[in-house]
Amino acid sequence: MKKNIVFATGNQHKVKEINAIMGQDYIFQSLTDIGCYVDIPETADTVEGNAIQKAQYVRDHYQLPCFAEDTGLFIPAIGGEPGIYSARYAGPEKNAQNNMSLVLDKLHGHTDRGAYFKTIIAFIDETDTYVFEGRIDGVILQEPIGDSGFGYDPIFQPRGYSSSFAQMDLAVKASISHRFLATQKFHEFLKQYPL
């Protein structure tokens, strides 16, 4: 019998994606599937803290095993920005085009354009918190290139590749992305985990 785990997201696309990758032995449910319609606060100052905060909320209020993820783009030349503010870097409307423009403006004149994406998955059960990290390094391009993907994909070129995330075949991007690497670690953990 498959076991239920809550994914602390209201995004059914993400839930469908995770079920396709890892759903052999588990059924991943969204927040709406368990009747949670709260916009869970993310007030921590790290992606780790935000992922844990979201999973802990579900654990505390619904007494169910839960995992959450948080992702950020980090650019050392501008103090690690946009970091935990990646989605709302240029304002609360979370406009990807405006976010990219702000990054490019702040990087103007910098020769160091190194950057990395980091995804954290936090899983909380009755007694413990487990954290899994995926990271991919690359550079910020001078201008957006490509029209697939989302977020900062058009300006991020992963190390070892000659195209932006937004130019890549989705299957290629999925196989190297920060989110995939974190999910892979979580998947390996669940294979050994006695839910």
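Residues called buried in these legends have under 20% relative accessible area, and the model shown is a predicted one.

**View 1. The rings of F67 and F186 form a tilted aromatic pair.** Of the 14 aromatic pairs counted in the predicted model, the one between F67 and F186 has its ring centres 4.8 Å apart, with an angle of 50° between the planes. F67 belongs to strand β3 (residues 66-75) and F186 to helix α5 (residues 178-192), so that the pair links distant parts of the chain, 119 residues apart. Both partners, F67 as well as F186, are buried.

**View 2. The ring of F186 also pairs with that of F132.** F132 and F186 are both buried.

**View 3. Ring pairs join nine named residues into a cluster.** The members are F7, Y26, F28, F67, F123, Y130, F132, F186 and F189, and they are linked to one another through ring pairs.

**View 4. Charged side chains sit over the rings of Y116 and F165.** The charged end of R135 is placed over the ring of Y116, at 3.6 Å from the ring centre. K173, in turn, lies over the face of F165, where the distance to the ring centre is 5.3 Å.

Notes: Residues numbered from 1 in each chain as written. Predicted model: local features only at pLDDT ≥ 70, side-chain atom pairs only at ≥ 80, totals over all residues. Heavy atoms only, no water. Phe/Tyr/Trp six-rings, centres within 6.5 Å; stacked < 30°, edge-to-face > 60°. Helix = DSSP H or I, 4+ residues; strand = E, 2+ residues; numbered from the N terminus. Buried < 20%, exposed > 50% of the residue type's maximum accessible area, 1.4 Å probe, protein only. Lys NZ or Arg CZ within 6 Å of the ring centre and 35° of its normal.
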